[in-house]
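Morning, everyone. I have a few slides on one chain, and I will keep it brisk. Please look at the sequence and the model first.

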Amino acid sequence: QVQLEESGGGLVQAGGSLRLSCAASGSTFRFYDMGWFRQAPGKEREFVAAISRNSGSIYYSDSVKGRFTISRDNAKNTVYLQINSLKPEGTADYYCAAGRPLRPWLARPWTKDDVDYWGQGSQVTVSS
């Protein structure tokens with residue numbers, strides 16, 4: 001089992017940047033592929049990005065490709081999401097997610113069914 005806690009959200013102007021962090025508890029973080037989702041007000045939660053256990057594979061949704069960067073540091077039990085060129089439609093709660101441990105890499109956008117553990121969310125508000 002793993003517990004996830006996001007940080008780094010806040011208010012940012014359109015065009016600005018932000019880095020979200022997600023700290024995981026326990027010693028098994030390295031067994032999990034990790035992902036980020038976001039949920040805008042009144043909308044469904046959507047996949048943003050995922051990274052494999054050894055950082056060898058990464059997948060981005062088309063809507064964020066080229067602007068967002070996912071990374072992880074297994075020594076620190078932390079996964080990051082660097083968000084650049086923020087747009088007002090990027091206003092959302094951003095959620096860290098862990099997949100099933102030691103699952104083969106999913107070379108596609110994750111669905112909510114692919115997530116075993118969720119963080120509590122970090123709010124990002126983009127002002128225009």
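One term before we start: buried means under 20% relative accessible area, exposed means over 50%, and partly exposed is in between, with a 1.4 Å probe and protein chains only. Now the ground rules. This is a predicted model, where local features need pLDDT of at least 70, side-chain atom pairs count only at pLDDT 80 or more, and totals for chains, interfaces and linings use all residues. Residues are numbered from 1 along each chain as its sequence is written, and side-chain values use heavy atoms, with hydrogens and water left out.

Let's take the cysteines. How many disulfides does a search of the whole structure find? The search gives 1 disulfide. The cut-off for a disulfide is a pair of cysteine sulfur atoms within 2.5 Å. Here the partners are Cys22 and Cys96, with S to S at 2.1 Å. The link is left-handed, at -80° about the S-S bond. Where do the two ends sit? Strands here are DSSP runs of E, at least two residues, and helices are runs of H or I, at least four, numbered from the N terminus. Cys22 is buried, at 0% relative accessible area. Cys96 is buried too, at 0%.

Next, the serines. Ser55 is not a glycine, yet its phi is positive, about 65°. Look for Ser55 in the loop between strand 5 (46-51) and strand 6 (58-60). Is Ser55 buried or partly exposed? Ser55 is partly exposed, with a relative accessible area of 34%.

Ser85 also has a positive phi, near 50°. Its loop runs between strand 8 (78-83) and strand 9. Ser85 is partly exposed, at 39% relative accessible area.

Last one: Ser61. This serine lies in the loop between strand 6 and strand 7 (68-73). Ser61 is buried, with a relative accessible area of 11%. What does Ser61 touch, leaving aside neighbours within four places in sequence? Phe47 and Val48 are in contact with Ser61, where contact means heavy atoms within 4.5 Å. The side chains of Ser61 and Ser63 make a polar contact at 3.1 Å. A polar contact is a pair of N or O atoms within 3.5 Å; within protein, one must be able to donate a hydrogen and the other to accept it, and residues adjacent in sequence count only if both atoms are side-chain atoms.
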